[in-house]
Amino acid sequence: MIKPVLYLSELKRNPEIEVARIKAMMLPAVYFLLEKFDAVTDPDDETERCAVRFREMKAYVDEFFRISMLEASIRVQVGHNISLHLILEQLAAIFEAEPESYYVPQAFWTKELPIKAAALKNNVDRIRRDRKRRADEQQQKELRSRLNSETHKQGRT
């Protein structure tokens, strides 16, 4: 298994360019996943020689979700304002708009994909809130320290 690069700072390239590339690849990622599900054959068709099962293609979404939920991945999403949950939301919207075009169980696009998208979004939002809270606490600490320092200086004069 290939270990994904999770820290943009580890890249030899410019992180801003890599973030732009990730954001630009979000729509092609949706279409990549759609192509995988488009290959799924009718499960009731016994004549199909090379049947492609839903579960085989679902593995792509599961792996995307697993990698996206890694703490390092979530921190990158927070730090660079990347919204990978939108890929899952878009995929669900396409299945909902064209249910007859894919051999995908309705529960997958009405329940599983929205739950995964919400879980990813919630984790990113939680880390974002935590990061903001810590920054606010640090700012308050520095402000109190400056005020104490100034008060201490005024007390000596």
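The protein chain exposes about 11,100 Å², and carbon and sulfur atoms supply 53% of it; accessible areas here come from the Shrake-Rupley method with a 1.4 Å probe, and for residues only the protein chains shown count as cover. Before I go on, please keep in mind that this is a predicted model, where local features need pLDDT of at least 70, side-chain atom pairs count only at pLDDT 80 or more, and totals for chains, interfaces and linings use all residues. Residues are numbered from 1 along each chain as its sequence is written, and side-chain values use heavy atoms, with hydrogens and water left out.

How much of the chain is buried? Buried residues make up 29% of the 157 residues, where buried means under 20% relative accessible area, exposed over 50% and partly exposed in between, with a 1.4 Å probe and protein chains only.

Now the fold. The chain has six helices and zero strands, so along the sequence you read α-α-α-α-α-α, with helices (H or I, at least four residues) and strands (E, at least two) taken as DSSP runs numbered from the N terminus. Of the contacts between residues at least 6 apart in sequence, 68% join residues at least 24 apart; contact means heavy atoms within 4.5 Å.

Let's look at one helix pair. The axes of α1 (residues 15-24) and α2 (residues 26-38) come within 4 Å and cross at roughly 40 degrees. These axes are lines fitted to C-alpha atoms, for helices over the stretch in contact, and angles run from 0 to 180 degrees between N-to-C directions. The two helices are therefore oblique to each other: under 35 degrees counts as roughly parallel, over 145 as roughly antiparallel, 65 to 115 as roughly perpendicular and the rest as oblique. On the α1 side the contact uses Ile22, Lys23 and Ala24, and on the α2 side Met26, Leu27 and Pro28.

Phe54 and Phe108 sit edge-to-face, 5.1 Å centre to centre with 80 degrees between the planes. That pair links distant parts of the chain, Phe54 in α3 (residues 54-68) and Phe108 in α6 (residues 106-156), 54 residues apart. Phe54 is buried at 16% relative accessible area, and Phe108 is buried at 2%.

Finally, ring pairs join Phe37, Phe54, Phe95, Tyr102 and Phe108 into a cluster.

Key:
Rings of Phe, Tyr and Trp (its six-membered ring) pair if their centres lie within 6.5 Å; planes under 30 degrees apart count as stacked, over 60 as edge-to-face and the rest as tilted.
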